[in-house]
Amino acid sequence: MDLDQLERREFLDLLVALRQIIRATDIHSKKVMKASGLTVPQLVVLLAIEELGAVTVREVSRHVSLSQATVTIILNKLESRGFVIRVRNAKDKRVVNSNLTEKGVEVVKNAPPLMDGAFMRRYGQLDQSERDQILASLQHIARLMIPDDGTELSLPAEENITNDVNSIL
């Protein structure tokens, strides 16, 4: 093989590995949806609110790496289903904070794992330095995939996510 063929083969191997990760994630996302009635992005937003407390769209957006528009669409759906309540900040009426309702707390408490159990078990058996290395590598790959034009690589808006998604979550 010449150098061009080796490079092409390397990129093909990289693409295949990424597709395997995406496929496994998609399969598990469908299981989560079936078990909870919520999409993974919806659960991620609920978990962020649980972790952060009364929180703005911007804070959730930064915490979960979704665009503010996507988080707003997700919050609209979660609010309409009674999982979240949005309240104006008492000190600054321009600020709107999202909080979990009792129903939201309950769904988070009973939510299925966001990642496949077999993966989590095998990953958990790795030593911490190897887990740190994997996480750092995946984060580095994510940064490498940002287009040169600065286009945001947030997930698609919730309204565009179907049951047959090919999204990262």
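**View 1. Helix 2 crosses helix 4 in this predicted model.** The axes of helix 2 (residues 40-52) and helix 4 (residues 68-80) come within 10 Å and cross at roughly 85 degrees. That makes helix 2 roughly perpendicular to helix 4. Angles of 65 to 115 degrees count as roughly perpendicular, under 35 as roughly parallel, over 145 as roughly antiparallel and the rest as oblique. Axes are lines fitted to C-alpha atoms, for helices over the stretch in contact, and angles run from 0 to 180 degrees between N-to-C directions. Helices (H or I, at least four residues) and strands (E, at least two) are DSSP runs, numbered from the N terminus. Residues are numbered from 1 along each chain as its sequence is written. Local features need pLDDT of at least 70, side-chain atom pairs count only at pLDDT 80 or more, and totals for chains, interfaces and linings use all residues; side-chain values use heavy atoms, leaving out hydrogens and water.

**View 2. Side by side: the residues where helix 2 meets helix 4.** From helix 2 come Pro41, Gln42, Val45, Leu46 and Ile49. Helix 4 supplies Ile74, Leu75, Lys77 and Leu78. Contact means heavy atoms within 4.5 Å. The residues of this contact divide into 7 nonpolar, 1 polar and 1 charged. Ala, Val, Leu, Ile, Met, Phe, Trp, Tyr, Cys and Pro count as nonpolar; Asp, Glu, Lys and Arg are charged; the others, Gly among them, are polar. Lys77 is in helix 4 and is partly exposed, at 34% relative accessibility. Lys77 and Gln42 lie 35 residues apart in sequence and 8.6 Å apart in space, C-alpha to C-alpha.

**View 3. The largest nonpolar core holds 23 residues.** Such a core is a set of buried Ala, Val, Leu, Ile, Met, Phe, Trp, Tyr and Cys residues joined through side-chain atoms within 4.5 Å. Buried means under 20% relative accessible area, exposed over 50%, and partly exposed in between (1.4 Å probe, protein chains only). Val45, Leu46, Ile49, Val60, Leu78 and Val84 touch the most other members. Helix 2, helix 3 (57-64), helix 4 and helix 5 (102-109) each give two or more residues to this core. Helix 2 gives the most, with 7 residues. In soluble globular proteins, nonpolar side chains tend to be buried together.

**View 4. Val45 and Val60 touch each other.** Val45 lies in helix 2. Val45 is buried, with a relative accessible area of 0%. Not counting residues up to four places away in sequence, Val45 touches Val60, Leu66, Ile74, Leu75 and Leu78. By the same exclusion, Val60 touches Val45, Ala48, Ile49, Val55 and Val71.

**View 5. Ser65 sits in the loop between helix 3 and helix 4.** Ser65 has a positive phi of about 60 degrees, although it is not a glycine. Ser65 is exposed, with a relative accessible area of 58%.

**View 6. Gly117 belongs to helix 6 (residues 117-124).** Gly117 is partly exposed, with a relative accessible area of 36%. Gly117 and His28 are 89 residues apart along the chain, and their C-alpha atoms are separated by 9.4 Å.
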